[in-house]
Amino acid sequence: MKKWLIAAMLVGTSFSSFSADTQCLEKKYDAYIDASIQWYDDLVTLTTQQYPELEGVGQWFLEGRKNHFELNREAVHYYLANEPTKVATERSIESWLQLEQQDVKALAQRNDMLGQAAAKSFADRQAKPHEKNYDLRSAFADLLSHPKKIDTALNKYNTSIQQVEMIECK
């Protein structure tokens, strides 16, 4: 009886520890995703302020980035709960998840939130580029070559990433 009680307590402790660790890792990755989406939102805003004619392509680009990051968020949440070996938490947070095109295509066949996110991202990857995509990329390059123009947005992103890196999960 005593051995059974000790074993039950150990199992309960390791499960709650794993659950808390998973929640911490999810929170950390969510903060990274949120910071990344905010960075792209800020970049598009700065670009379209300087080049208002690129508003439409800027929103198209931002939607694609959001779809990409939301897929990664869903995938990390799913894999942490179901296949933790697919999330390389020992690496820098940008490298936790490595989804190849065939992975996204396979995930898009699922009938859950992960499948829906994968389907959106896969459709973005397969879609014809926006007719002003090159103009937007050129405007990004111009903007990024003038550090003073992006200083506030870049500092905000860097601060967010530093805060993410400080989150320690046991």
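The entries go from the whole chain to the pockets and then to the serine.

Basis. I am working with a predicted model, in which local features need pLDDT of at least 70, side-chain atom pairs count only at pLDDT 80 or more, and totals for chains, interfaces and linings use all residues. Residues are numbered from 1 along each chain as its sequence is written, and side-chain values use heavy atoms, with hydrogens and water left out.

Whole chain. I find six helices and zero strands in the protein chain; helices (H or I, at least four residues) and strands (E, at least two) are DSSP runs, numbered from the N terminus. Of the 170 residues, 34% count as buried, meaning under 20% relative accessible area with a 1.4 Å probe, protein chains only. I looked up contacts next (heavy atoms within 4.5 Å). Among those with a separation of 6 or more, 74% join residues 24 or more positions apart. The chain exposes about 10,700 Å², and carbon and sulfur atoms supply 54% of that area, by the Shrake-Rupley method with a 1.4 Å probe.

Largest pocket. I note that a pocket is an open set of points on a 1 Å grid over the protein atoms alone, where a 1.4 Å probe fits, with protein on both sides within 12 Å along at least five of seven lines; lining residues have an atom within 4 Å of a point. The volume is the space filled by probe spheres set on the points, which are joined across faces, edges and corners. About 300 Å³ lies in the largest pocket. Its lining includes Trp 60, Phe 61, His 68, Ser 121 and Arg 137. Helices H2 (55-82) and H4 are the elements that give two or more residues to this lining, and H2 gives the most, with seven. By class I read three nonpolar, four polar and five charged residues, with Asp, Glu, Lys and Arg counted as charged, and Gly among the polar.

Second largest pocket. This one holds about 160 Å³. I list Glu 63, Lys 66, Asn 67 and Met 113 among its lining residues. H2 supplies the largest share, five residues, and H2 and H4 each supply at least two. The classes are two nonpolar, two polar and five charged.

Ser 121. I place this residue in helix H4 (residues 113-126). Is Ser 121 buried or exposed? Ser 121 is buried, because its relative accessible area is 2%. Leaving aside neighbours within four places in sequence, I find Ser 121 in contact with Asn 67, His 68, Leu 71 and Val 104. Asn 67 and His 68 also line the largest pocket, as does Ser 121.

Definitions and conventions
Buried < 20%, exposed > 50% of the residue type's maximum accessible area, 1.4 Å probe, protein only.
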